[in-house]
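Subject: Structure handover, salt bridges

Hi,

Here is the structure for you to look at. My notes on its charged side-chain pairs follow below.

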Amino acid sequence: MNHPTQTTRPDSLRQQAGIHIEQGAVTPGYAADRPQVLLRLNAALATELVCVLRYRRHHFMARGIHSQAVAAEFLAHANEEMGHADQIAARIVQLGGEPDFSPATLLERSHADYTDGKNLSDMISENLIAERIAIDSYRRDIVYLSDQDPTTRRLLESILAVEEEHADELADLLDGLPPAPSQTQTKDKP
């Protein structure tokens, strides 16, 4: 006889949970196409890692009157992107996959480019473009996952929210910069 505080579970849940227990969190009820999810997550991981590297370079290369504040923002974004990469890598492992950190194919797998940037304005613009790419990539993956993998979907939704904040902050920084001098102007012209 069951006590009123105990819950009963159908035997079928226990039986299902015992199938392929070596797969950890991936139960028979996992509805998504796991290889496709892992492929998408590894692309997101590559994108985050490329963004980390670009932001860190820009942090160190920022020059000019506004560079100190912008460089600090670049470093903060780099650290947040690294946190996203760590979260994605952990989820890949949880789904039974292997996170791909290979530098040999990083740019091929990344949705965003690695760009140096000629000046502060270029650096901000390139990072803003990369954030906008990440935003659309995450939105696409969230729609793809739908209700098939709610845990991964929620992870990507939380990362998407931060990427949108980054894009907003970068747009504000770009708006606050004085216009770049025209490249057609010549030095010491009377």
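One definition to start: helices are DSSP runs of H or I, at least four residues long, numbered from the N terminus. Note also that this is a predicted model.

Now the findings. A search of the whole structure gives 10 salt bridges.

Arg139 is partly exposed, at 42% relative accessibility.

Across the chain: Arg57 and Asp116 make a salt bridge through their side chains, 3.1 Å from N to O. This pair links distant parts of the chain, 59 residues apart. Arg57 belongs to helix H2 (residues 34–61). Asp116 is in the loop between helix H4 (106–109) and helix H5 (120–145). Both ends are partly exposed: Arg57 has a relative accessible area of 29%, and Asp116 has 39%.

Asp149 and Arg91 form another salt bridge, with the closest N and O atoms 3.0 Å apart. Here too, distant parts of the chain are linked, 58 residues apart. Asp149 lies in the loop between H5 and helix H6 (150–176). Arg91 is in helix H3 (residues 67–94). Are these two residues buried or exposed? Both Asp149 and Arg91 are buried.

Best wishes

Technical notes: Residues are numbered from 1 along each chain as its sequence is written. This is a predicted model: local features need pLDDT of at least 70, side-chain atom pairs count only at pLDDT 80 or more; totals for chains, interfaces and linings use all residues. Side-chain values use heavy atoms; hydrogens and water are left out. A salt bridge is a side-chain nitrogen of Lys or Arg within 4 Å of a carboxyl oxygen of Asp or Glu. Helices (H or I, at least four residues) and strands (E, at least two) are DSSP runs, numbered from the N terminus. Buried means under 20% relative accessible area, exposed over 50%, partly exposed in between (1.4 Å probe, protein chains only).
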